[in-house]
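Subject: Structure handover

Hello,

Here is the structure for you to take over. Please open it first, then read the notes below.

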Amino acid sequence: MQYNSPVILTFFLLSLGVLFLGQYTGGWTTTHLFSVYRSSLKDPLFYIRLFGHVLGHGSWDHFLNNMLLLLVVGPPMEEKYGSKPLLCGMVFTALVTGVLQCVLFPRSGLLGASGIVFMLIMLSSLAGFSGGIPVTMLLVAALYFGQQVYDIIFVHDNVANFMHIVGGLCGTAFGYY
């Protein structure tokens, strides 16, 4: 066996550990350590949550939906861009989504790797980028952003569609950078 994608595989294993820990603690760790929500800047756990929310998942379905896409799209992106730059992109996306959640949606929490996954999806749509705007990126962006906007307007569930869009924008920026 080969640990072929250290950032993606470590992220997967950490998320799996956080899911088990959340089940073991009856959800306490998921809520208090791995969900980001507005709280005092004096609370040291706020800073853990600001980055750690991407590791938390509310259920096995939530975890599996994110991790399946992460494990398919992530390794080729880590191979293409390298482990350190990809990790920086993931940390940046976690920070941006965490801060925007606290500023724009102060009465709700955010958890899950969806922003990271959509960052990777948009990043992968830029594969082969050599100066012009790739048609694949335009198609993925139109379909992806269109679906998210539709869901924001017409589907009322607990999915943070706005943060999916933010993750996609982070991936696009990272890809062009």
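Leaving aside neighbours within four places in sequence, which residues is Thr30 in contact with? They are Val18, Gly22, Ser35, His57 and Leu111. Contact means heavy atoms within 4.5 Å.

Two notes on the basis. This is a predicted model, where local features need pLDDT of at least 70 and side-chain atom pairs count only at pLDDT 80 or more, while totals for chains, interfaces and linings use all residues. Residues are numbered from 1 along each chain as its sequence is written, and side-chain values use heavy atoms, with hydrogens and water left out.

More on Thr30. Thr30 sits in helix H2. Helices are DSSP runs (H or I, at least four residues), numbered from the N terminus. Thr30 is buried, at 12% relative accessibility. Buried means under 20% relative accessible area, exposed over 50%, and partly exposed in between (1.4 Å probe, protein chains only). Arg49 is 19 residues from Thr30 in sequence, and their C-alpha atoms are 9.6 Å apart in space.

Now helix H1. H1 covers residues 6-24, 19 residues in total. From first C-alpha to last, H1 reaches 26 Å, close to the expected 27 Å. That expected span is 1.5 Å times one less than the number of residues. The buried residues of H1 are Val7, Ile8, Phe11, Phe12, Ser15, Leu16, Val18, Leu19 and Gly22. They lie on the same side of H1, because their arc around the axis is only 165 degrees. The arc is taken from the directions from the helix axis to the C-beta atoms. An α-helix has 3.6 residues a turn, so residues three or four places apart point the same way. The cover over the buried residues of H1 includes helices H2 (28-33), H4 (60-81), H5 (83-104) and H6 (114-125). Just after H1, Gly26 has a positive phi of about 65 degrees.

Next, H6 and H7. Helix H7 spans residues 135-154. The axes of H6 and H7 come within 8 Å and cross at roughly 155 degrees. Axes are lines fitted to C-alpha atoms, for helices over the stretch in contact, with angles from 0 to 180 degrees between N-to-C directions. H6 and H7 are therefore roughly antiparallel, a term for angles over 145 degrees. On the H6 side, Phe118, Ile121, Met122 and Ser125 meet residues of H7 that include Tyr144 and Phe145.

Last, Ser125 in H6. Ser125 is buried, with a relative accessible area of 5%. Beyond four places in sequence, Ser125 touches Pro134, Thr136, Met137 and Val140.

Best wishes

Key
Helix = DSSP H or I, 4+ residues; strand = E, 2+ residues; numbered from the N terminus. Parallel < 35°, antiparallel > 145°, perpendicular 65-115°, else oblique.
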